[in-house]
Amino acid sequence: MTQHSRDPRQVVEILSEALPYIQRFSGKTVVVKYGGNAMTEQTLVDSFARDMVLMKEVGINPVVVHGGGPQIGDLLAKLKIESRFVNGMRVTDAETMDVVEMVLGGLVNKGIVNLINQCGGKAIGLTGKDSGLIRARQLKVSHQSPEMTAPEIIDIGHVGEVERVSTELIEMLTARDFIPVIAPIGVDGQGRSYNINADLVAGKVAEALHAEKLMLLTNVAGLMNGEGKVLTGLTTEQVDELIADGTIHGGMLPKIRCALDAVKGGVISSHIIDGRVPHATLLEIFTNAGVGTLISDDATPSIS
């Protein structure tokens with residue numbers, strides 16, 4: 001036995017533990033938002049691609065929605081185009097939108113597709129513009145300071161929100177054993193393109209597909225309580241209470257709201273999982289422990 005070999009009995013035990021989960025989720029759709037460290041560290045990139053292929057091989061239908069903010073910023077810097085942000089959102093004029101489409105719809109999207117295919121899967125890249133997949137509208141951003149009598153509406157250009165998702169193309173691809181990989185770019189009725197937050201796109205895609213799970217990969221261990229413990233097994237009512245009492249705040253709030261809205265919109269469960277952990281998606285789906293925060297309408301509260 002080599003130093004890196006596993007005890008065959010351990011392998012069998014792992015497979016045995018996974019079996020009931022495979023049986024339970026076979027034929028179900030899982031929407032995975034892919035970004036953060038999981039997209040930039042090579043070992044995590046490789047493990048993510050293998051995870052998607054394995055999920056498909058055991059009968060689960062993964063649908064990937066990816067981000068790409070850092071890659072967009074890098075190319076804008078190389079092109080000497082200034083990056084400006086309002087309330088954490090990139091101001092996107094027509095010139096910047098061209099770069100967004102090149103990076104998200106081209107470089108990043110095709111890179112993910114290629115990795116999944118290299119691992120033996122059949123991935124196909126899409127943007128929301130393909131077959132009217134994501135109908136978008138411009139996101140309205142308002143700002144009001146104490147001295148203002150009314151909020152100011154700020155135009156941040158080609159930044160959008162999801163108006164509706166057409167599922168026909170996704171369903172056709174998954175039925176033919178493809179893994180759809182979706183860049184978060186939408187289009188309005190006049191043909192204008194919009195850059196949309198990838199978490200929001202993943203949530204709306206999950207709702208439209210009536211997915212079993214929405215999985216949001218992050219750079220944190222999950223939702224923490226005041227003692228630094230990961231909260232999991234939360235109901236939608238409990239999450240609403242945690243938002244109201246300020247436990248959920250800051251940068252985690254939009255992501256939790258996205259997960260919460262998906263469950264309220266019909267997704268069976270949402271998961272905020274630690275994308276810094278290799279094979280995080282498989283650990284969350286196929287093991288008892290999991291690696292993040294689970295939100296559903298009938299969850300059993302626990303702390304891990």
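The model is predicted, and local features need pLDDT of at least 70, side-chain atom pairs count only at pLDDT 80 or more, and totals for chains, interfaces and linings use all residues. Residues are numbered from 1 along each chain as its sequence is written, and side-chain values use heavy atoms, with hydrogens and water left out.

D298 is located in the loop between β17 (292-296) and β18 (302-303); strands (E, at least two residues) and helices (H or I, at least four) are DSSP runs numbered from the N terminus. Together with E237, E241, D245 and D297, D298 forms a negative surface patch, that is, residues with over 30% relative accessible area and no salt bridge, like charges being joined within 9 Å. A salt bridge requires a side-chain nitrogen of Lys or Arg within 4 Å of a carboxyl oxygen of Asp or Glu.

E207, a residue of helix α7 (198-208), is buried because its relative accessibility is 18%. Beyond the neighbours within four places in sequence, E207 is in contact (heavy atoms within 4.5 Å) with D261, A262, G265 and V267.

S166 occupies the loop between β9 (160-165) and α6 (168-175) and is partly exposed, with a relative accessible area of 29%. When residues up to four places away in sequence are not counted, S166 touches G132 and L133. A distance of 25 Å separates the C-alpha atoms of S166 and N117, which are 49 residues apart along the chain.

Terms used:
Patch = residues over 30% accessible without salt bridge, like charges linked within 9 Å, V, L, I, M, F, W, Y side chains within 5 Å. Areas by Shrake-Rupley, 256 points an atom, 1.4 Å probe, with all protein chains shown as cover. Lys, Arg positive; Asp, Glu negative; His and termini not counted. Charge placed at Lys NZ, Arg CZ, Asp CG, Glu CD. Buried < 20%, exposed > 50% of the residue type's maximum accessible area, 1.4 Å probe, protein only.
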